[in-house]
Amino acid sequence: MTTPDIGQRTLGTTSSLTVSTLGLGCMGMSEFYGTPDEQAGIDTIHRALDLGVTFLDTADMYGPFTNERLVGRAISDRRDEVQLATKFGNERNEDGSWVGINGRPDYVRAACDASLQRLGVDHIDLYYQHRVDKTVPIEETVGAMKELVDAGKVRHIGLSEASAANIRKAHAVHPITALQTEYSLFTRDLEDEILPTLRELGIGLVPYSPLGRGMLTGAVTRESLESDDSRATGRFPRFDGDALDANLALVDRITQIAGEKGCTPGQLALAWVLAQGDDVAPIPGTKRVKYLEENVGAAAVELGADDLAALEQAVPRDAVAGDRYGDMSTIDA
């Protein structure tokens, strides 16, 4: 297929990292979204690199631990092409059981060493605190992350789902290159305080779930989710009951606009995220080459002021039904 040159974007101004305009979230290759398929995941990563999607995102908790190993195998002979991001802080046991959020400095150091080993690399390009540990001052956690930069194990540091106040505290200890948080046509609360803070401080934004966990692709129905898919288990209220019906009605509106634009609803939703600024590099996740290729096509979708206004009217910011997580307690606010 013919694909556009997706180009590059720069995250951060004080500690800058240049990444592909679109990244690839690798989580679903190992867990949460139906049956894992390791070879399909590796094939998808290889195809991503061929298409210029070089910003890869994983975390130690995915699997747990297996996703980092998968990514490491996939990039073993192409490391120099990749901007590699991983995360620590959501602590799990080998059997998958949940331990808790951990931001203690000794844990930060140990988690980094373990991730480097699983990934088979000598440095991580962007290392995130996955969730803020509310029992540990963020200055202590970021201080340990700074030590990893000084040691050459990490090139740049980031935060995920951090409040504006903690972003400021962290950035005062060491420049934060990027914040990873949920952002899409369905999730826009960060526009109030967090996004202005990022732009004031010169921090990039890496939106995860820019396709609303797949709902914005138009492919999700009540019948389409596997029984072991976390979206079918109540973990995400937007996929439950009346909320799902209400949200799918919004997707129908997006699908209509996409048809007028000559693209898929998923491409339109990604194009909307990309249009929010050159400091924004979303990481749509997939474990299938065909969906990767569809996502890459979003880079060719140009949205003018009229298109953006039509989307604002079709999906008012507060129209989405249901919280984005059933348990919002781990989100820093």
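Let me start with a term: buried means under 20% relative accessible area, exposed means over 50%, and partly exposed is in between, using a 1.4 Å probe and protein chains only. Hello everyone, and on to the model itself. This is a predicted model, so local features need pLDDT of at least 70 and side-chain atom pairs count only at pLDDT 80 or more, while totals for chains, interfaces and linings use all residues. Residues are numbered from 1 along each chain as its sequence is written, and side-chain values use heavy atoms, with hydrogens and water left out.

Let's begin with backbone geometry. Most residues other than glycine have a negative phi, and most peptide bonds are trans. With that in mind, look at the loop between β4 (55-57) and α2 (66-74), where Pro64 lies. Helices here are DSSP runs of H or I with at least four residues, strands are runs of E with at least two, and both are numbered from the N terminus. The peptide bond from Gly63 to Pro64 is cis, with omega near -5°. Phe65 lies in that loop between β4 and α2 too, and its phi is positive, near 75°, though Phe65 is not a glycine. Is Phe65 buried or exposed? Phe65 counts as buried, because its relative accessibility is 12%.

Glu161 is another non-glycine with a positive phi, about 55°. You'll find Glu161 in the loop between β9 (154-160) and α5 (164-173), and it is buried, with a relative accessible area of 4%.

That brings us to β9. Six of its seven residues are buried, so the strand is largely enclosed by the rest of the structure. Its parallel partner is β8 (residues 124-129), over five bridges; two strands pair if DSSP finds at least two bridges between them. Within that pairing, Tyr127 stands opposite Ile157 in β9.

Stay in β9 for His156, which counts as buried at 12% relative accessibility. What does His156 touch, beyond residues up to four places away in sequence? The list is Ser15, Ser16, Leu17, Ile124, Asp125, Leu126, Tyr127 and Thr177, where contact means heavy atoms within 4.5 Å. Ala172 is 16 residues from His156 along the chain, and their C-alpha atoms are separated by 15 Å.

Leu17 and Arg155 are 138 residues apart in sequence, yet 8.8 Å apart in space, C-alpha to C-alpha. Again leaving out residues up to four places away, the contacts of Leu17 include Arg9, Thr10, Leu11 and Gln83.

There is also a hairpin to see. Strands β6 (residues 90-92) and β7 (residues 98-101) pair in the antiparallel sense over three bridges, and Arg92 has Trp98 in β7 as its bridge partner. Five residues lie between the strands, and Gly96 takes a positive phi near 95° in this hairpin.

Now the interior. A nonpolar core is a set of buried Ala, Val, Leu, Ile, Met, Phe, Trp, Tyr and Cys residues joined through side-chain atoms within 4.5 Å. The largest one has 99 residues, and Leu24, Ile45, Phe55, Leu159 and Ile167 have the most contacts inside it. Apart from it lies another core of five residues, including Phe32, Tyr33, Met61 and Tyr62.

Helix α8 (residues 265-274) is mostly covered, with ten of its ten residues buried. The cover over those buried residues includes β1 (8-11), β11 (204-208), α7 (241-261), α9 (289-296) and α10 (305-314).

On a 1 Å grid over the protein atoms alone, a cavity is a set of points where a 1.4 Å probe fits but cannot get out, and a pocket is an open set with protein on both sides within 12 Å along at least five of seven lines; lining residues have an atom within 4 Å of a point. Grid points are joined across faces, edges and corners, and a volume is the space filled by probe spheres set on the points.

How many cavities of 30 Å³ or more does the structure hold? There is one. The largest cavity has a volume of about 50 Å³, and its lining consists of Glu182, Phe186, Gly212, Arg213, Met215, Arg238, Phe239 and Arg324.

Of the 16 residues lining it, Ser163, Asp189, Ile194, Asp332 and Ala333 are the closest to its centre.
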